[in-house]
Structure formats: structure tokens, C-alpha cells
Amino acid sequence: MTFDYIVIGAGSAGCILANRLSKDPSNSVLLLEAGPKDNNPIIHMPGGCAEVLKSDKLNWKFVSTPQEHCQGKSYDIPRGKTLGGSSSANGMVYIRGHATDYDDWANAGNKGWSYEEVLPYFKRFENQTRGEDTYHGAGGELNVINAPGDNVLFDKFVQSGVESGYRFNDDFNGENQEGVGRFQATIKEGKRWSSASAFLRPILKERSNLTLITGANVSRILLEGTKAVGVEYQKGRKTVVAHSNKEIVVSAGTIKSPHILQLSGIGDKEDLTAAGIKPLIDLKGVGKNLQEHLDVVMRWTINEPLGFNDLDKFPNNVKVAWDYFVHKKGVGTCNSIEGGGFIKSNPSLDRPDVQLHFVPCNMTGISDPMPKEHGVTLHACQLRPSSRGTIKPESNDPFAKPLVDFNFLGHEDDWPVIHRCVHILRELMEAPVWKGLVNEEIHPGAQYKTEEQLKNLIGSITETVYHPVGTCKMGQDDTAVVDAELKVHGVEGLRVADASIIPTLIGGNTNAPAMMIGDKCADMILGNQPPAPAKLNNKRESEVAA
């Protein structure tokens, strides 16, 4: 099999990349996906996220190494393993990040990646149901709506933020990110609108030049000297080789993209040799620079049955399913993570460094059975950690999961922000709007107050927010893996396009940025003129904040 372009991974970036590359019928494109097709109806039910994450078939279920500074806890790392990748398993929150995040990329020497230059890509693929304006696009493939949930607890959370002194914000993707409000979501007509739904499914039957193969576990990229010429993958018990006439693009995500490079002999020669892999291209940055949002999770009980804590029990679960699958209504159409915000842990900062997520139920884990007691769960994550982790191959077995070490709290600058997150959540729940409704803090418990107490239990009150980035860093320094055109340093005909190329973690959810990266990569591959940079008010958020 020979194709012009081979895309490894049909996830958030890979689907839009395959869409754009195959638009010209003279280009032959092969899209490889390790997981199955997205035929399971639970994938497309916005309220079914937890069920997707329980699945061994739809979730890679990576797990971190024990974290030294978090009482040795090993953190679950859910990653979507189906068409759409993690956009078929995430919470559907649509956030681009702070404008200055992209300016940071450009200022580090990555030409073409400033906010003014990437905003037109976001706008191009958006169908913003609020309508088009300076910051939003309409008519694109990705449907973006006001989150549809009507639970009164969302409004109470937003009011608690206002009462605590934070500004109300009706648009986290507009001119200013700071404040509390309701998130928007990637949902269309009551269905999850994943990258596959938006960019892949509508074109599969009409484009004979696009070949999709699912259940294809890539074992290595084939090199002739320093040129990438093909891909070897396992399909069932068969080993298959596909060749490329032009380019190969790895879009397998922050965990698998560096792992595939490493299995191919591309990476830090010491890491490869230790795993029994012959080094072919010594590229020290592969698998380095791992960043993730460490998330403080706290829970309170409430004295009225206003949350979701009885919806997974019979007969309520039957009603939820009936309402959704028969009538496309009810909580099944909602992503349930609709309240949130971006705030500063210190007023002197020039941009928010903490993101809030509010869930109207008492939940111990996203895939755990819900407790009987009604309650609320609040999350606060540090947006720009200083700690950096690694991904290393455990062995030369392509089916062995890599070793993922986040090195959470490994840098001394991170703990003060995490500590402040605990107090921010408590301040929010002490707001007047909760009076008479909130009973008590049940996790970790109000008795844990001192810095030492909190530090000693940090592993039990933190999770990840499923936003890993950075392991195939874009840049020109010694730790960079790709350049500003996403070409792998030292290898001809090979690029990486997904969240792994993000050099510094953005202030927000990472799904939309991954799609932008895929769209922009396609333009660079095809030699298309990029859209004209946006013309924006140059004032920084701190100058225009209310």
C-alpha cells in the first residue's frame, strides 16, 4: 500500500488533518486509528462520558508512575481510543486558552503561532451558535453551543463566584477570559460533536482518496537513513506496511506520539537503549517537557435532592436512557460540567492561573458509582505549572504502555498555587448563596486546615484534568522535537500534529487547541496561504478587567 500522506491517529487533530489533506482528490490519504469505530451509542450521548471512560476498548487507560511529591499516588490518564480520540471521551468543554498563551509560543521563536495568527483557524472550523463576531466563527464543522443544562446548582455556583468578588463572564473565549460563568460545549442536536463527527464522518463515503483503517496499532515509522518512508502497524495478528510518497504525520496524542517515535528509534538514545530499542535519530526532547493540569477536587453535601446523585440508580437511570435515546432530551443531552471560571490566585498576576470546574453532584471519581448523599463537587487546577515530566518506553514491545511520570509538584513554585486552590474552593462554598443548602465539607474535610496537613494528603485530593501536553515540543532549543512547521528535527518527511507539540501548557482545556493544530498543520503541508491575522484590541486583560 502506498499513499501520498499517512496520518497516525484519528483523534482531535488527526480527523481535521485528514479532512483537509483529502480535500484535493489528487491526494491519497491513509488514516490509521488504533481503536474501533465510534459506533457505540454511549460515545455520542453527552451524559455518557463516564461510561466511555470505563471501557477497555474505548480508553487507553494509561496510568502514571507513582508520584514522589503526592504520597506515591499513581494517577489515571484516560485517553480516547476510537474515532475522535479524546474528543469522543472528554467533557466537551470548549475553551481555547488565554490569548497570551499563544503569544508565549510565538515569543519563544515559533513564527506563525501568536494569538492573532491562530485565532482565524479557530474561527474557520467553528459553528458558534451565538453567531459570528471578532472572536467567533460561524458556518464551520465544529458545533459550539451554550451548555444546555438547566440545573439550578450551576447558577448558584456562578453566583457564589460573584459574591466572592470575581467578575461574571459570559464568554471565556472572547476578549477577556477572567471571571466565572457557564462554559460552552461541543454538542449538536443532543449529541457529542467530536472531531470525528465534525470532520471525518461527513466525508468518509464521498472521498475515495481517503482510506480509514481502525484497529491499526502502529509499531514503528520506517526510515531510510533520515527519511520517513512508511509505517508498520499491527492489524489483528497481521503485520502490515504502508508507504508514503510525501509525508507522514503523527497525531496520536501526547502519550502515544512520543512513544511511537521512540519505538521507531527516534528519541533520547539513553532512553531508547535502556528499553532495548536501537537509536536511529538521537533527539533528546522526545518524551520530555510533559505538562498537565493538577486538579484539586473537593466535595460538599447538600440538604436538598438537587444534584445528579440518584440518576444512576434504578428506575431513574432507565428514565434518563429513555428520555435521551427516544426523545433526545433530559440530562443525557448535557455534559454536566457547565459551571466554571478562570481566576487569579494572586491579584498581581496579569492573567488567570487557576481554572474552576463545578459539577452538580457528589462524585468520588468520574467512572465510580455515585454516592447516595446529594452534594456538589468543585475542581480548581493550576493552569501553568513549572514542573515537567517525562514519557519513556518501558520496552521495545509496541503493545507495552509507556512509563508516564508527571513529576507533579516537583518544582517549588507549584505548591503555593495548589495550596491556594484549596482555600479558593472553600471561600466559594462559604458564599451567602449556599446558606441553608450546604451541609458540610466531606472531602477532604474541614478539619484539614494547616499547610502541612494539606500537603500530607495532596495525593488524595488531586486528580488530573486530562490535559497532558508538551512531549514533542515545538521550538528550536535542545529539548525541541518539531520546528514551527511541525517538522521533526533531523527527519525528512515526518511531522507531529497534536497537543504533544504545545511548548507551554495553555490556560484551559486542550481539545480545541489540538484541532487548531491539526488544521494549521494541513495548511503548512499543502503550502496554503494562512488566513490573515486577526485585528484585535491590543490591550491586555489586566488593563481592561472590570
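**Close-up 1. Ile6 of strand β1 faces strand β2.** In this predicted model, Ile6 has Leu30 of β2 as its bridge partner. Strand β1 and strand β2 (residues 29-33) run parallel and pair over four bridges. Helix α1 (residues 12-21) carries the chain across from β1 to β2. This β-α-β crossover is right-handed.

**Close-up 2. Strand β1 also pairs with strand β15.** Here β1 meets β15, which spans residues 238-250. The two strands pair in the parallel sense, over six bridges. Within this pairing, Ile8 stands opposite Val250 of β15.

**Close-up 3. Burial of strand β1.** Strand β1 covers residues 2-8. Six of its seven residues are buried, so the rest of the structure largely encloses the strand. Buried here means under 20% relative accessible area.

**Close-up 4. An open sheet of four strands.** The strand order is β5-β9-β7-β6. Pairing in this sheet is mixed. Strands β5 (93-94) and β6 (126-128) stand at the edges. Each has a single partner strand, so one side of each lacks a neighbour in the sheet.

Close-up 5. Strand β9 consists of residues 184-185. It pairs with β5 in the antiparallel sense. Two bridges join β5 and β9. In one of the pairs, Tyr94 has Gln184 of β9 as its bridge partner.

How values were computed:
Residues numbered from 1 in each chain as written. Predicted model: local features only at pLDDT ≥ 70, side-chain atom pairs only at ≥ 80, totals over all residues. Heavy atoms only, no water. Buried < 20%, exposed > 50% of the residue type's maximum accessible area, 1.4 Å probe, protein only. Pairing = 2+ DSSP bridges. Right-handed = clockwise from strand over helix to strand, strands pointing away.
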